[in-house]
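Welcome, and please take a moment to look over the sequence and the model below.

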Amino acid sequence: MTEGTTSAAAEGADALSRLEQEGEIAADYLEGLLDIADLDGDIDMDVEADRASVSIISDTGSRDIQKLVGRDGEVLEALQELTRLAVHRDTGDRSRLMLDIAGYRAQKRAELSELGAKAAAEAKSSGESVRMKPMSPFERKVVHDAVKAAGLRSESEGEEPERFVVVLPA
């Protein structure tokens, strides 16, 4: 192994360790919130795509945990921001942690990937740009990834909260 390879491996291990620490801090914070709200749920931690990922899952199938998602994921987004702030408070570093509750974000990701692929197909067949409805940053990122996977480019336009994706023809 060369010195550069050893250094890169050490940096990768440090990054993984830092992301695992973020996940542990987030899990502790979320468990405290669940206790305060008297809700049952299990916490699952992972590292995906260079960010910590934490999920709250219900082992009882209770609909109570759905309250933490809220309408259109609004409560989930707020909890994610609060959790990121808790991680920042403990580490001093900005967190890109992703939070999922009861599989909501995973399901939303699948729906948005399909939507992005359809928009890309429409842009390919029509030869014209396709403007999509306003979306959250998470939603736009998933659509951008789906458009890229279809071999096209996309851009975000507008100002929050009305920012939207435009799929560009080839």
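## Before you start

This is a predicted model, in which local features need pLDDT of at least 70, side-chain atom pairs count only at pLDDT 80 or more, and totals for chains, interfaces and linings use all residues. Residues are numbered from 1 along each chain as its sequence is written, and side-chain values use heavy atoms, with hydrogens and water left out.

## The overall layout

The protein has 4 helices and 6 strands. Here, helices (H or I, at least four residues) and strands (E, at least two) are DSSP runs, numbered from the N terminus. Starting at that end, the order of elements is α-β-β-α-β-α-β-α-β-β. The C-alpha trace spans about 55 × 50 × 30 Å along its principal axes.

Of the 170 residues in the protein, 32% are buried. Buried means under 20% relative accessible area, exposed over 50%, and partly exposed in between, using a 1.4 Å probe and protein chains only. Contact means heavy atoms within 4.5 Å. Among contacts between residues at least 6 apart in sequence, 57% join residues at least 24 apart.

## Two nonpolar cores

A nonpolar core is a set of buried Ala, Val, Leu, Ile, Met, Phe, Trp, Tyr and Cys residues joined through side-chain atoms within 4.5 Å. The largest one has 17 residues, and Leu34, Val54, Ile56, Ile65, Leu68, Leu99 and Ile101 touch the most other members. Two or more residues come from each of helix H1 (3-37), strand E2 (51-57), helix H2 (74-91) and strand E3 (98-101). H1 gives the largest share of this core, 4 residues. Apart from this core lies another, of 15 residues, among them Ala123, Val142, Val147 and Val165.

Setting aside residues up to four places away in sequence, Ile56 touches Leu30, Leu34, Gly41, Asp42, Ile43, Ile65, Leu99, Asp100, Ile101 and Ala102.

## Asp100 and its surroundings

Asp100 has its place in strand E3. Asp100 counts as buried because its relative accessibility is 13%. Beyond four places in sequence, Asp100 touches Val54, Ser55, Ile56, Leu76, Arg105 and Ala106.

The side chain of Asp100 also reaches two backbone nitrogens: that of Tyr104 at 3.1 Å and that of Arg105 at 2.6 Å. Such a polar contact is a pair of N or O atoms within 3.5 Å; within protein, one must be able to donate a hydrogen and the other to accept it, and residues adjacent in sequence count only if both atoms are side-chain atoms.

Val69 lies in the loop between E2 and H2. With a relative accessible area of 2%, Val69 is buried. Leaving aside neighbours within four places in sequence, Val69 is in contact with Glu74, Val75, Leu76, Ile101 and Tyr104.

Gln80 sits in helix H2 and is buried, with a relative accessible area of 3%. Outside four places in sequence, Gln80 is in contact with Leu97, Met98, Leu99 and Arg105. The side chains of Gln80 and Arg105 are joined by a polar contact of 3.1 Å.

Helix H4 (residues 137-149) has 13 residues. Its buried residues are Phe138, Glu139, Arg140, Val142, Val143, Ala146 and Val147. They pack against H2, E3, helix H3 (104-126), strand E4 (130-134), strand E5 (153-157) and strand E6 (164-168). H4 is followed by Gly151, whose phi is positive, near 90 degrees.

Which element gives the most to the lining of the largest pocket? H4 does, with 5 residues. In all, 25 residues line this pocket, and Arg51, Met98, Arg105, Arg109 and Phe138 lie nearest its centre. On a 1 Å grid over the protein atoms alone, a pocket is an open set of points where a 1.4 Å probe fits, with protein on both sides within 12 Å along at least five of seven lines; lining residues have an atom within 4 Å of a point. About 610 Å³ of space lies in the largest pocket, where grid points are joined across faces, edges and corners and the volume is the space filled by probe spheres set on the points.

Methods: The expected span of a helix is 1.5 Å times one less than its number of residues.
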